[in-house]
Amino acid sequence: MPGYYVNIPENEPSEDFIEEHKDLNFFELVETLKKSNIGLGITAIESSSDYLFMSISNKSTLIWDKKRSIQISDIYDPDLKLYSDLLLSGGVSDEHLGFYSADFLCANKELILKGNDRSLAKLVGNLLEDDNPVVYQYYFKKNAIDILIEKYGI
């Protein structure tokens with residue numbers, strides 16, 4: 001059966017570390033792991049007919065097209081001047097969904113209105129801080145790995 005090996009170079013927690021922190025809740029444990037420079041491993045997985053996506057420690061994303069792969073650190077949204085992880089922690093679906101909180105969008109309203117995304121500008125013009133999050137769907141080109149390899153000079 002074909003397999004794929006993912007090298008995650010960050011430190012793993014030792015048995016002693018796990019025993020010492022066994023009473024922490026999930027969020028406290030994640031913060032303790034980050035402060036101790038210990039990786040979280042694979043934190044989200046999504047797939048499509050063309051690609052497999054894996055978020056590594058919520059820091060980078062591995063994209064695999066069944067032949068080749070590339071690992072990128074994060075995605076830049078020029079209209080928001082924001083870097084974000086490609087996948088949501090825990091994965092959401094194979095529909096490639098993401099979201100921005102209403103309070104985040106409202107805090108960046110001026111920047112968005114000056115940006116190139118007219119649809120987002122129109123949406124944020126009517127948004128209130130306590131509104132529901134804004135969900136969006138994104139799509140990947142069939143040659144996404146080629147584009148990323150060229151972009152990063154790999």
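**Close-up views of a predicted model**

**View 1. Helix α6 lies across strands β3 and β4.** In this predicted model, helix α6 covers residues 144–152. Its direction makes an angle of about 55 degrees with β4.

**View 2. Strands β3 and β4 run antiparallel.** Strand β3 spans residues 60–64, and four bridges join β3 to β4. To find one of these strands' pairings by eye, look for W64, whose bridge partner in β4 is S69.

**View 3. Four strands form an open sheet.** Follow the strands in the order β1-β2-β3-β4, and you will find antiparallel pairing. Which strands stand at the edges? They are β1 (42–47) and β4 (69–72). Each has a single partner strand, so one side of β1 and one side of β4 are left without a neighbour in the sheet. On average, neighbouring strands of this sheet are turned by 15 degrees against each other, direction ignored.

**View 4. L33 is a buried residue in helix α2.** Helix α2 runs through residues 26–35. Why is L33 called buried? Its relative accessible area is 10%, and buried means under 20%. Leaving aside residues up to four places away in sequence, L33 touches P13, F17, I38 and L40.

**View 5. L33 and N11 are 22 residues apart in sequence.** In space, the distance between L33 and N11 is 9.7 Å, taken from C-alpha to C-alpha.

Methods
Residues are numbered from 1 along each chain as its sequence is written. This is a predicted model: local features need pLDDT of at least 70, side-chain atom pairs count only at pLDDT 80 or more; totals for chains, interfaces and linings use all residues. Side-chain values use heavy atoms; hydrogens and water are left out. Helices (H or I, at least four residues) and strands (E, at least two) are DSSP runs, numbered from the N terminus. Buried means under 20% relative accessible area, exposed over 50%, partly exposed in between (1.4 Å probe, protein chains only). Contact means heavy atoms within 4.5 Å. Two strands pair if DSSP finds at least two bridges between them. Axes are lines fitted to C-alpha atoms, for helices over the stretch in contact, and angles run from 0 to 180 degrees between N-to-C directions.
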